[in-house]
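Here is a short report on a ligand site and the pocket around it.

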Amino acid sequence: MPLSVLPHRDDLMRAAAERIAQLAERSIAARGRFDWALAGGKTPEQLYGLLARPPYAARIDWARVHFFWSDERCVPPEHADSNYRMARESLLDRVQPPADHVHRMRGEQPPLLEASRYEHELGAGASGSAATAPARLDLILLGMGADGHTASLFPGEAALSERARWVAATRTGGSGVARLTFTLPLINAARAVLFLVAGRDKAQTLAAVMGREGASSAAAPVGTAAPVGTAALPAQRVQPTDGELEWFVDAEAAALL
Ligand code: 6PG
């Protein structure tokens, strides 16, 4: 499991932007499209802004990119907490993909209805038909919370154990805020998953995810995932079945590795 540690946040964003551009070029060359699920939260906003400016603005064929979201807060699209709004303002308004390539999770809709609708949008989008097997997205970009959550898969929440659905309605563990989220079957079906993690507040959790916290001599070396089934934290359970998993972190987040 490749782990790239960059000295500063700016270096991290440049490294992640370069990798995403490579994945986009590879997907478009191979299949004529790049199906990319964006992450929410605060960390990726700087990355999206970088991709919206030279050299990436011209390097990626944005007309062939389909944008999805790996999770969304159950709020309207213009709400300050909307992951869609953050991506629209930092990236989409500047690269201007075709409107029908922006597959927004409709946070303003009843969550259970939207979860079902979005599954059909994913099936029609990424694989060309509403298939039964999880849609195979080219890239799912993910962040990680200090509690080890990723997308909106929170420790102890039922969505984390979902084995059939691709999209689930859930709530954050603490504040109980309603969310929509990709499930592990969908995430682990991706061609590539890229984690983007920055900040000292993530160091303890990243060490645990990488199997370093309380490490014994027998502990897995840095960068290897916990064996399937033993993983407690949601981020540890992202283990693509037949896809690439890469971590891009800054030195602060990697402080305990
Ligand atoms: C969200 C994200 C969530 C996020 C982590 C890290 O909707 O909040 O999808 O999984 O990636 O909470 O968030 P920060 O980047 O803000 O630390």
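## The pocket lining

The lining of the largest pocket divides evenly by class: 9 nonpolar, 9 polar and 9 charged residues. Here Ala, Val, Leu, Ile, Met, Phe, Trp, Tyr, Cys and Pro count as nonpolar, Asp, Glu, Lys and Arg as charged, and the others, Gly among them, as polar. This is a predicted model, in which local features need pLDDT of at least 70, side-chain atom pairs count only at pLDDT 80 or more, and totals for chains, interfaces and linings use all residues. Residues are numbered from 1 along each chain as its sequence is written, and side-chain values use heavy atoms, with hydrogens and water left out.

In total, 27 residues line the largest pocket. G40, G41, K42, R73 and N83 lie nearest its centre. Three elements each supply at least two lining residues: α2 (44-51), β4 (71-73) and α4 (83-95). α4 gives the most, with 4 residues. Helices (H or I, at least four residues) and strands (E, at least two) are DSSP runs, numbered from the N terminus.

The volume of the largest pocket is about 580 Å³. A pocket is an open set of points on a 1 Å grid over the protein atoms alone, where a 1.4 Å probe fits, with protein on both sides within 12 Å along at least five of seven lines; lining residues have an atom within 4 Å of a point. Grid points are joined across faces, edges and corners, and the volume is the space filled by probe spheres set on the points.

## The ligand

Where is the ligand? The ligand sits in the largest pocket (more than half of its atoms lie within 2 Å of the grid points). Around the ligand are 15 residues, of which T43, D71, R73, H149 and A151 come nearest (a heavy atom within 4 Å counts as near). This shell holds 2 nonpolar, 8 polar and 5 charged residues.

For D71 the distance is 2.7 Å. For H149 it is 2.7 Å. For R179 it is 3.4 Å. The protein covers 88% of the 410 Å² of accessible area that the ligand has on its own (Shrake-Rupley method, 1.4 Å probe).

## Backbone details

Most residues other than glycine have a negative phi, and most peptide bonds are trans. P54 and P55 are joined by a cis peptide bond, with omega about 0 degrees. P55 is in the loop between α2 and α3 (56-59).

Q96 has a positive phi, near 50 degrees. Q96 lies in the loop between α4 and α5 (111-126).

Definitions and conventions. A polar contact is a pair of N or O atoms within 3.5 Å; within protein, one must be able to donate a hydrogen and the other to accept it, and residues adjacent in sequence count only if both atoms are side-chain atoms.
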